[in-house]
Amino acid sequence: MKASTAWMMLIAAGLIDVAWALSMKLSQGYTRPWWTAASVVTLIAFVWLLGRALTALPVGSAYAVWTGIGAAGTVLIGSMLFGESITPMKLGGVGLIVAGILVLRGAPA
């Protein structure tokens, strides 16, 4: 697999991780069947994509990028969909996460 393909799979896995976190919230403790099913499907999808990406990328960088995308995306989406507070400090933290992702992406393998 080419590194560019692996990076696209990794980014997709990170975005699906955000969907997984949201589906867990919406499942209300896994008491809502459709959201519970969505949670299971998104979990399987991001684990598969992450595993495929790891065949071509260093595990340390890839894992950090994946979790960073999931963390930053979940903070922003949680704020938009659930009215969770978003303060300048939180935005600064998200900015640092994004900066770290960009540094890791640009670092030589």
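Predicted model: local features only at pLDDT ≥ 70, side-chain atom pairs only at ≥ 80, totals over all residues.
**Overall layout**

The protein chain has 109 residues, and 28% of them are buried. Its secondary structure amounts to 4 helices and 0 strands, so the order of elements from the N terminus reads α-α-α-α. Along the principal axes, the C-alpha atoms occupy a box of roughly 45 × 35 × 15 Å. Of the contacts in the protein chain with a separation of 6 or more, 69% are between residues 24 or more positions apart.

**Two helix pairs**

Two packed helices are described by the angle between their axes and the distance between the axes. The table gives these values for two pairs.

| Helix pair | Axes come within | Crossing angle |
|---|---|---|
| α1 (residues 3-26) and α2 | 8 Å | roughly 160° |
| α3 (residues 59-82) and α4 (residues 88-106) | 9 Å | roughly 150° |

An angle over 145 degrees counts as roughly antiparallel. With a crossing of roughly 160°, α1 is therefore roughly antiparallel to α2. The crossing in which α1 passes α2 is left-handed. On the α1 side, the residues that meet α2 include Ala6, Met9, Leu10, Ala13, Ile16, Asp17 and Trp20. On the α2 side, those that meet α1 include Trp35, Ala38, Thr42, Phe46, Leu49 and Arg52. Sorted by class, the contact of α1 with α2 has 19 nonpolar, 3 polar and 2 charged residues.

For the other pair, α3 and α4 are likewise roughly antiparallel to each other, and α3 passes α4 in a left-handed crossing. The residues of α3 in this contact are Ser61, Ala64, Val65, Gly68, Ile69, Ala71, Ala72, Val75 and Leu76. They meet Leu91, Val94, Ile97, Ile101 and Leu104 in α4. By class, the contact of α3 with α4 has 12 nonpolar residues, 2 polar residues and no charged residues.

**The aromatic rings**

A pair of aromatic rings is described by the distance of the centres and the angle of the planes. The structure holds 3 aromatic pairs. In one of them, Phe46 and Trp66 are tilted, with 5.2 Å centre to centre and 40° between the planes. This pair links distant parts of the chain: Phe46 belongs to helix α2 (residues 33-53) and Trp66 to helix α3, 20 residues apart. Both Phe46 and Trp66 are buried.

Tyr63 and Trp66 also form a tilted pair, at 5.3 Å centre to centre and 50° between the planes. Here both residues lie in helix α3, 3 residues apart, which is about one turn of the helix. Their accessibility is as follows. Trp66 counts as buried because its relative accessibility is 9%, while Tyr63, at 48%, counts as partly exposed. Through ring pairs, Trp20, Phe46, Tyr63 and Trp66 are linked into a cluster.

**Around Thr36**

Thr36 is a residue of helix α2. Thr36 and Leu26 are 10 residues apart in sequence, and their C-alpha atoms are 8.3 Å apart in space. Apart from its neighbours within four places in sequence, Thr36 is in contact with Ser27, Tyr30 and Thr31.

Terms used
Residues numbered from 1 in each chain as written. Heavy atoms only, no water. Axes fitted to C-alpha atoms, helices over the stretch in contact; angles between N-to-C directions. Helix = DSSP H or I, 4+ residues; strand = E, 2+ residues; numbered from the N terminus. Parallel < 35°, antiparallel > 145°, perpendicular 65-115°, else oblique. Left-handed = near helix turned anticlockwise from the far one by under 90°. Contact = heavy atoms within 4.5 Å. Nonpolar A, V, L, I, M, F, W, Y, C, P; charged D, E, K, R; others polar. Phe/Tyr/Trp six-rings, centres within 6.5 Å; stacked < 30°, edge-to-face > 60°. Buried < 20%, exposed > 50% of the residue type's maximum accessible area, 1.4 Å probe, protein only.
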